[in-house]
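Morning, everyone. Please have the model open on your screens while I talk.

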Amino acid sequence: MARAVTNNRKALNTAIAWSIGLVIFFPILWTILTSFKTEAQAISNPPVFLFFDWTLENYAVVQERSNYMRFLWNSVFIAGGSTILGLIIAVPAAWSMAFVPSRRTKDILLWMLSTKMLPAVGVLYPIYLLFIKMGLLDTRLGLTIVLMLINLPIIIWMLYTYFKEIPGEILEAARMDGASLPKEIIYVLTPMAVPGIASTLLLNFILAWNEAFWTLNLTAAKAAPLTAFIASYSSPEGLFYAKLSAASTMAIAPILIMGWFSQKQLVRGLTFGAVK
Amino acid sequence: MGSITLKKVSKSFGDVEVIPPLDLEINDGEFVVFVGPSGCGKSTLLRLIAGLEDLTSGAIEIDGSDATDATPAKRGLAMVFQSYALYPHMSVRKNINFPLKMAGMDPAEANKRIDAAAKVLNLTDYLDRRPGQLSGGQRQRVAIGRAIVREPSAFLFDEPLSNLDAALRVNMRLEICDLHKTLATTMIYVTHDQVEAMTMADKIVVLHDGYIEQVGSPLELYESPVNKFVAGFIGSPKMNFVSGASAKKRDADSIGIRPEHLTVSADAGEWEGIVGVSEHLGSDTFLHVKLSDGSMINVRASGELKAAYGQKIFLSPQEDKVHRFDAQGLTI
Amino acid sequence: MATQQSRSAARLMMAPAVILLLGWMLVPLTMTLWFSFRKYLPLRGGDLGWAGFDNYTRFIGSSAFWPSVQATLVIVGGVLIITIVLGIILALLLDQPMWGQGIVRILVIAPFFVMPTVSALVWKNMFMDPVNGLFAYVWKFFGATPVEWLSQASMQSIVMIVSWQWLPFATLILLTAVQSLDSEQLEAAEMDGASFMSRFWYLILPHLARAITIVVLIQTIFLLSIFAEIFVTTGGAFGTKTLSYLIFQRVLESQNVGLGSAGGVYAIILANIVAIFLMRIVGKNLDA
């Protein structure tokens with residue numbers, strides 16, 4: 001792999017890549033910067049980039065106006081709950097598919113994936129009705145279940161691809177050593193698959209965090225997560241750029257920070273376990 | 001305790017019959033080697049005994065009681081895998097401890113056993129390392145350690161030395177033999193390498209296409225193979241097969257003669273040939289001789305023999321060492 | 001390669017996932033199918049009885065139907081093409097030796113973390129607003145008339161916003177695939193005198209085929225059900241009404257559940273056509 005590359009060439013690569021990276025990142029950077037401006041500076045002409053009067057006022061206003069912490073907690077509960085619930089159901093299923101494959105395994109896997117293609121709007125009203133009947137409308141529990149179900153195929157698929165990398169002989173060794181099936185999964189498979197499971201967990205947490213169809217349509221005041229919090233800024237308050245930016249920053253910050261700290265697992269997870 | 005009996009055991013994967021019904025008796029304390037070319041069903045047979053695969057039909061008895069439907073855990077057997085199958089996330093100590101932990105053994109007793117096993121296997125200094133930090137031979141010993149602490153009624157080895165380099169393989173071969181003498185426990189050992197089979201086994205089971213070709217001690221197989229396949233498989237270098245006039249003369253369809261049972265002469269003998277490559281090992285010299293009819297004969301001669309490339313040479317088989325085969329390849 | 005015991009254990013452990021997903025698929029689907037044959041207006045009398053195929057003919061006959069199918073396909077197709085082409089270029093670039101590769105990678109994948117509602121709002125207001133948006137400023141700076149992005153170039157704008165969100169995903173998958181390419185192969189080709197273009201065409205692109213399949217599969221799944229971006233930006237106006245959004249409006253805004261459900265059935269059929277098509281390709285490619 002290592003090929004001698006002149007420093008000039010490397011500098012050129014660096015310059016191009018950094019420019020493109022910054023262009024792609026710019027909307028996020030701009031949002032974060034704007035959140036610290038006053039409303040007047042936020043729409044000033046020409047725009048100011050760094051040299052403005054930094055203020056935290058917008059954050060205070062946003063928190064006061066919409067009780068950010070409650071939305072945040074709902075998001076954490078729903079995204080975390082659905083991911084963990086999904087894992088509990090998916091680990092045994094993925095074990096079965098990876099280590100005891102049958103002729104139908106691949107069909108089942110593709111079928112599961114295809115349930116994700118069902119257009120959500122097509123079943124929105126029935127789900128809505130069922131939720132009313134079961135008292136799940138605008139509850140965190142209800143949303144947790146729905147998000148678990150829509151992400152379950154992806155969780156299973158990812159775990160399946162990670163499990164398949166683990167040599168079957170090691171699990172057979174555990175069986176020879178007297179481990180029962182649950183022990184085989186808890187003591188041998190799971191610890192060996194930790195990186196894969198972590199990636200799966202992270203990616204699905206993000207997908208659930210950002211999910212914006214069911215969270216918008218099945219919640220009102222009580223269980224609304226950050227997607228709904230931010231949607232409430234769509235108009236006409238959206239014209240107050242600084243406050244919109246502050247709210248946006250607050251909605252994406254937890255995930256951005258999490259992403260920063262777990263880059264390796266995340267990058268692995270982002271490929272959905274599909275490419276090595 | 002460690003006798004294993006296979007009764008009419010067969011295995012099919014779908015429509016493919018990997019192992020036709022076979023019977024086999026393994027006595028307590030025996031070192032049994034399953035040997036055969038790859039794809040002969042030897043590993044499958046071992047996995048059937050281990051309980052990692054279901055029998056299609058037949059029964060397996062361990063120590064006189066039926067174990068056909070028992071889970072691997074219940075059979076009281078330990079297995080050493082080709083890839084060692086160590087748990088990469090556990091230290092050596094925890095690896096060896098795992099079967100004891102699964103059996104719910106008291107930690108103090110478990111530690112005593114682990115330390116004893118580590119001492120036998122020279123692993124004492126490595127108990128806190130992870131498998132990834134060990135050499136191939138050390139990993140192999142950990143796998144063996146994991147097997148012996150359980151004090152199983154029999155050990156199963158699935159080509160355990162095939163991932164080691166040649167020198168280490170010889171060492172480990174001796175260690176395993178040593179272990180067998182010390183523990184006196186039944187061992188079933190699968191290999192495709194007939195040298196391992198010959199050097200280690202009390203009893204060799206030669207498998208070919210799922211069938212047992214012959215069962216016997218190494219010397220029995222060497223001296224009186226029942227058919228051409230066993231004759232050709234056991235012994236190194238391989239037995240030479242000759243058909244035609246020389247076979248007719250001895251009332252056979254073909255005859256076999258081992259390289260070490262040929263007499264070399266410069267001026268007279270049954271067969272005349274031209275010396276091709278000769279390999280001088282010091283102790284022996286291997287000659288590849290091309291006979292006048294174009295067939296190749298391998299000769300194992302003494303180390304002092306000097307033969308030049310292209311030199312004319314005469315070979316004669318030692319009459320009492322000639323194996324005769326009929327048209328079906330069976331020994332006459 | 002397993003025993004009867006582990007096979008039955010496997011079936012047992014698959015059961016929860018299979019049953020849940022089967023229920024999740026069948027129950028609402030049956031209900032949707034049922035509603036689609038009813039005249040059902042929750043706010044104007046509720047279930048008003050059997051409607052036969054009325055809802056189906058009305059939905060497909062409405063002037064909004066075909067444009068919505070077209071809008072859906074344009075968005076999915078447009079985003080796929082943009083993300084894959086740019087993704088390949090970016091992946092090849094990021095694979096080059098450079099300083100601060102890790103940081104660039106973070107910068108590039110960051111948009112994936114941004115929730116769709118946020119990205120739609122930020123793009124709509126802070127960039128595409130014809131008065132105060134950053135684009136308007138740039139246009140004015142060069143003496144041009146600011147574009148009213150979301151009304152005059154609505155489709156392009158939405159495709160752009162969504163592409164921005166999905167480009168990181170495509171780039172990352174393709175980058176991983178590029179990195180797994182055997183560099184000796186490339187060097188051998190270079191020794192054989194292959195130009196960069198022919199190396200790309202005959203070695204790199206075929207190597208990326210599987211990764212591209214994955215990108216197409218996963219993005220299609222998510223893009224077919226795109227919602228928040230339209231909900232927040234145009235609200236379905238200016239020709240950006242996708243099939244999903246049209247159904248959403250029928251059900252929630254005009255409260256015509258029967259009609260919406262018929263639309264839902266159409267959407268499900270469309271999704272299935274796409275799904276079968278995709279699964280064929282993917283099923284083949286996944287074995288590799």
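First, the ground rules. This is a predicted model, where local features need pLDDT of at least 70, side-chain atom pairs count only at pLDDT 80 or more, and totals for chains, interfaces and linings use all residues. Residues are numbered from 1 along each chain as its sequence is written, while chains are lettered from A and ligands numbered from 1 in the order in which they are written.

Chain B, then. Chain B splits into domain 1 (4-232) and domain 2 (238-325). Those bounds come from an automatic or database domain assignment. How far apart do the C-alpha centres of domain 1 and domain 2 of chain B lie? The answer is 38 Å. Four residues from domain 1 of chain B and six residues from domain 2 of chain B make the contact. Contact here says that two C-beta atoms, placed from the backbone, lie within 7 Å. On the domain 1 side there are two nonpolar, one polar and one charged residues. For those classes, Ala, Val, Leu, Ile, Met, Phe, Trp, Tyr, Cys and Pro are nonpolar, Asp, Glu, Lys and Arg are charged, and the others, Gly among them, are polar.

Now strands. Helices (H or I, at least four residues) and strands (E, at least two) are DSSP runs, numbered from the N terminus. Two strands pair if DSSP finds at least two bridges between them. Strand 1 (residues 4-13) and strand 2 (residues 16-26) of chain B pair in the antiparallel sense over seven bridges. B:Thr5 has B:Glu25 in strand 2 of chain B as its bridge partner. Two residues sit between the strands of this hairpin, and B:Gly14 takes a positive phi near 65°.

Now look at B:Ile49, in helix 1 (residues 42-50) of chain B. Is B:Ile49 buried or exposed? It counts as buried, because it has 26 C-beta neighbours inside 10 Å. The cut-offs: 20 or more other C-beta atoms within 10 Å is buried, 12 or fewer is exposed, and in between is partly exposed, with C-beta atoms placed from the backbone. Beyond four places in sequence, B:Ile49 is in contact with B:Ile4, B:Ile60, B:Leu156 and B:Ile188. Its C-alpha is 9.5 Å from that of B:Thr5, 44 residues apart along the chain.

Further along chain B, an open sheet of five strands runs in the order 13-17-14-15-16, with antiparallel pairing. Its edge strands are strand 13 (262-265) and strand 16 (296-302), and each pairs on one side only. Strand 15 (residues 284-291) and strand 16 of chain B share seven bridges. There, B:Leu287 stands opposite B:Val299.

Next, chains A and C. Here 82 residues of chain A are in contact with 82 residues of chain C. Which element gives the largest share of the chain A side? Helix 1 of chain A does, with 16 residues. By class, that side has 60 nonpolar, 18 polar and four charged residues.

Last stop, chain C. Strand 1 (residues 38-41) and strand 2 of chain C pair in the antiparallel sense over three bridges. C:Arg38 stands opposite C:Trp50 in strand 2 of chain C. Strand 2 (residues 46-50) of chain C lies largely in the open, because zero of its five residues are buried.
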